[in-house]
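Please read it alongside the sequence and coordinates shown below.

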Amino acid sequence: MGPNFLYFQALIKLFMRIFLSILLVLLLVNQNDLSAQEPILANVVRFENLTVQDRLPSHRVLCVCQDQRGFMWFGTEEGLCRYDGFGFQEFFADINDPYSLKNNAIRSIVEDQFGNLWIGSDGGGLHYFEQKTWRFYSYPLPYTPIDHPDANPGHIYSILRTQDEQYWIGSYGQ
């Protein structure tokens, strides 16, 4: 065993110490990263499958909105409903109630700055739901059949609320 072999052996030991030190530091850093991520992992999004057996009006949900209070609103082909995390409150068209929806096929839901809802329906037009009174108000939209003979302002497919509280209404043929 010559001096070169001893030198080479000492060099290998030095590299092993450096490698093990770096590995230890990386493991400690990773451990800190994992402990910092635990709260994130604890807040994993939870999904629930809600069906008509849970009183969802229809298996076809056309739109969803979460209001300022945290309630989830679902527009379906068969009506509107509010979900509180435990159960549904359903809203349907009723020809005998002037403060009900005019049509059950709900296509769009948007909340305004006051916590009230603007609702577009397929054939029932534009509705305004006042949360304090739990009443629906219907708003006829301007309609000129000369402009587009197939147009029907009663078919509201989308509502967009801008940052300055203006509303854009999308209807069939308008």
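V64 counts as partly exposed because its relative accessibility is 47%, where partly exposed lies between buried (under 20% relative accessible area) and exposed (over 50%), with a 1.4 Å probe and protein chains only. The model is predicted: local features need pLDDT of at least 70, side-chain atom pairs count only at pLDDT 80 or more, and totals for chains, interfaces and linings use all residues. Residues are numbered from 1 along each chain as its sequence is written, and side-chain values use heavy atoms, with hydrogens and water left out.

**Surroundings of V64**

- Strand β1, spanning residues 61–66, contains V64; strands (E, at least two residues) and helices (H or I, at least four) are DSSP runs numbered from the N terminus.
- Apart from neighbours within four places in sequence, V64 has M72, W73 and F74 in contact, a contact being heavy atoms within 4.5 Å.
- Between the C-alpha atoms of V64 and L80 the separation is 9.9 Å, and the two residues are 16 residues apart along the chain.

**Salt bridge R60–E77**

- Three salt bridges are present in the structure, each defined as a side-chain nitrogen of Lys or Arg within 4 Å of a carboxyl oxygen of Asp or Glu.
- R60 and E77 form one of them through their side chains, with an N to O distance of 2.6 Å.
- This pair links distant parts of the chain, 17 residues apart: R60 is in the loop between α1 (3–42) and β1, and E77 is in the loop between β2 (72–76) and β3 (79–83).
- R60 is partly exposed at 43% relative accessibility, and E77 is also partly exposed, with a relative accessible area of 29%.

**Salt bridge R107–D122**

- In the salt bridge of R107 with D122, the closest N and O atoms are 3.0 Å apart.
- R107 belongs to strand β5 (residues 106–111) and D122 to the loop between β6 (117–121) and β7 (125–130), so the pair ties together parts 15 residues apart in sequence.
- R107 is partly exposed, its relative accessible area being 29%, whereas D122 counts as buried because its relative accessibility is 18%.

**Salt bridge R161–E165**

- R161 and E165 form a salt bridge whose closest N and O atoms are 2.5 Å apart.
- R161 has a relative accessible area of 33% and is therefore partly exposed.
- E165, with a relative accessible area of 23%, is likewise partly exposed.
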